Amino acid sequence: MLKINNLHASVEDKSILKGINLEIKAGEVHAIMGPNGSGKSTLASVVAGKEEYEVTDGTILLEGEDIEELAAEERAHKGIFLSFQYPVEIPGVSVTNFMKTAINANRKAKGLEDMPANEMLKLIREKSEMLEIDRKFLSRSLNEGFSGGEKKRNEIFQMAMLEPKLAILDETDSGLDIDALRIVANGVNKLKSKDNAVLVITHYQRLLDYIVPDFVHVLYNGKIVKSGGKELAHELEEKGYDWIKEEVNA
Amino acid sequence: MDLKEKLVSSFLAFENHVDIDCKIHDIRTEAIKTFETKGFPSKKEEAWKYTSLNSILKHDYSVFPKQENAIEYSDVKKYFIHDIDTYKIVFIDGKYASHLSQTTHDGIDVCLMSAALNKPKYRLVIENYFNKVATKESLTSLNTAFAQEGAYIHIPKNKLVNKPIQILHLSTGSEIALMQQPRNLIVVDENSHVQIIERHQSLSDHPVLTNSVTEIFGNKRAIIDYYKIQNDNVNASLIDNTYVNQKRESHVSVHTFSFGGKLTRNNLNFYQNGEHMDSTLNGITIIGDKQHVDHNTLVHHIEPNCESHQDYKGIFNDSATGVFNGKVIVNKEAQKTNAFQSNNNILLSDKATINSKPQLEIFADDVKCSHGCTIGQLDESAMFYLRSRGIPQKEAKALLMYAFANNVLETVKIPELKKRINRLIATKLGVNIGFDL
């Protein structure tokens, strides 16, 4: 599904990703872990198409197609979804109106008519119930005054509505208490299928108890320095990142 | 002959067509003298520092249009709020167009200034209100000198006017350049409620200069909602001088939507003569090219326990320029005043400019007054967030701009008007968006 080859990226001439190689197949869950400042969030943003990041070398292929020249919205139309570490507050736009606009923009890109209003309402009701989201929440301004947990739940609600092929969850566990974490993880697990894939970016192993990865990669200093199964996450949780740093710097 | 000389000498001709043996004529005569002394305002004056009239004064305006021009309703329907029933007072090139209008004398007077100035039955109202709140500012004086036609609205007490009143000024372009000076008088008595929508529309690319004066009197417990739609052609300029005199427990709101025209100057003045009242001044400005919109507001708190709310939003593209000059005066006696002012702007281009200047003169010590001004660009992180959900750049931009202007629209009380403004904004932003904010 996603194939990243030798990816180098920089922001304001500062090199952050220094040769990432990663392949994610349909049906798989991958986790990327690593210490602060290793480039985890940059990788997520580069794949989602944030313009401030410049790809200086390498390729990103989605289902065999090079997506580097595509704008963020075009990548979204092709099925990439990024759950933000810090969702942006947009006063004046309600969650419902935002969702309608996003759904119909995606349908338009696929040559489909706008979704009929009753169908839209049904979909919103179904998905918000799955994530235990209060109806009142849907008429509030997008992320404005939301708690950390509400923001993250809202991200996964958007994911549920848009049904992406590749969902990238950037530090979705940060700011969540244990109940919210369980709700969010359950949501992600319900959306998982053999046709889509999930890339979980996290600092801690905690989330991975709920969203169990098939592969775990360690990102350090802009490179994937170690890959393994889910047991690698436990090892990192126990031993921290220092031994990885030592191995790399040795 | 420059425009000032032309206007002053036209006054003699004007006198030949009006009744000069009445009090109004004394007011007119004095006003032309004031204008003759002061002339057009220049950038040397503090209140005109950022707005130059030079480019619009150079045209050889026709002051009294010669011919009457017929327009079919179907050709101008789109300039009306036509999906609801309304009273209409319509002018074509400054002349009353009865076939497009729907006036009334049934319990309320929704009619013409020319009639009110000439007929005895209106004499008392005219004597009590005409030119009573308008100032001797030079452009207002110029209008007063030629005051003859416009809307006359008098709502006696305890009337809830059941449909909005539209005042529409159309100009046809039959003159090379046209100057118009409509004069409106709106008097709303005790406990009455009225909604008014005003629009100026040029139907050609010929230069039009409108110097309009509107006097609004909100008597005890009156509620007046006034909406101005300014979306005119590239060569049409508007100087709008509006004066609002409020009595106790009245609520008056003026919304100004400035989406077009060459140069637009809004002089909006509120005088609070009484206690426990509320004044609202809201505006959305969205302009581009070389357009210029200047909001010059004054709220004068004279007595205690009153509120004022000002919220102006501006979006400026290309080489457009904006001015916001908001003055709030709180008299020594006006304790417990709550006065709020906010002016937020987005510049979409490096060449766009906004000059924003709050001016608070507070002489009372127990008041709550605040003002805030922001000037910024569209939030890049918000743009990425929206685009990452599949919303294309143009729509994402529009969505953010809608969101930015949204709270000003929330206070529009006529749903059809709100829809219309939404559509105008969408057109202005070049998008077709399927949401209603």
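Mentor: We can start with the conventions, go on to the contact between the chains, and then turn to the pocket and the cavities.

Trainee: What should I keep in mind about the model and the numbering?

Mentor: This is a predicted model, in which local features need pLDDT of at least 70 and side-chain atom pairs count only at pLDDT 80 or more, while totals for chains, interfaces and linings use all residues. Residues are numbered from 1 along each chain as its sequence is written, chains are lettered from A and ligands numbered from 1 in the order in which they are written, and side-chain values use heavy atoms, with hydrogens and water left out.

Trainee: OK, the contact then. How many residues does it take from chain B and from chain A?

Mentor: It takes 20 residues from chain B and 32 residues from chain A, where contact means heavy atoms within 4.5 Å. In chain B, the residues that lose the most area to chain A are B:F384, B:Y385 and B:R389, which together account for 39% of what that side buries.

Trainee: And what do the two chains bury between them?

Mentor: About 2100 Å², with 65% of it on carbon and sulfur atoms; buried area is the accessible area (1.4 Å probe) that two parts lose on being put together, summed over both.

Trainee: How many salt bridges and polar contacts are there between chain B and chain A?

Mentor: There are 3 salt bridges between them, a salt bridge being a side-chain nitrogen of Lys or Arg within 4 Å of a carboxyl oxygen of Asp or Glu. One of them joins B:R387 to A:E51, with the closest N and O atoms 3.1 Å apart.

Trainee: Changing topic, what about the largest pocket? Which residues lie nearest its centre?

Mentor: B:V63, B:F64, B:G94, B:Q148 and B:E149 do, out of 21 residues that line the pocket, and about 530 Å³ of space lies in it. The strand β6(B) provides the largest share of the lining, 3 residues.

Trainee: How do you tell a pocket from a cavity?

Mentor: On a 1 Å grid over the protein atoms alone, a cavity is a set of points where a 1.4 Å probe fits but cannot get out, whereas a pocket is an open set with protein on both sides within 12 Å along at least five of seven lines, and lining residues have an atom within 4 Å of a point. Grid points are joined across faces, edges and corners, and a volume is the space filled by probe spheres set on the points.

Trainee: How many cavities of 30 Å³ or more are there?

Mentor: The structure holds 4 of them. The largest cavity has a volume of about 80 Å³, and its lining includes B:H200, B:Q230 and B:D232, with strand β11 (residues 236–246) of chain B giving the most, 3 residues.

Trainee: And the second largest cavity, what volume does it have?

Mentor: About 50 Å³. Among the residues that line it are B:H295, B:Y312 and B:K313, and β16(B) gives the most to the lining, with 4 residues.

How values were computed: Helix = DSSP H or I, 4+ residues; strand = E, 2+ residues; numbered from the N terminus.
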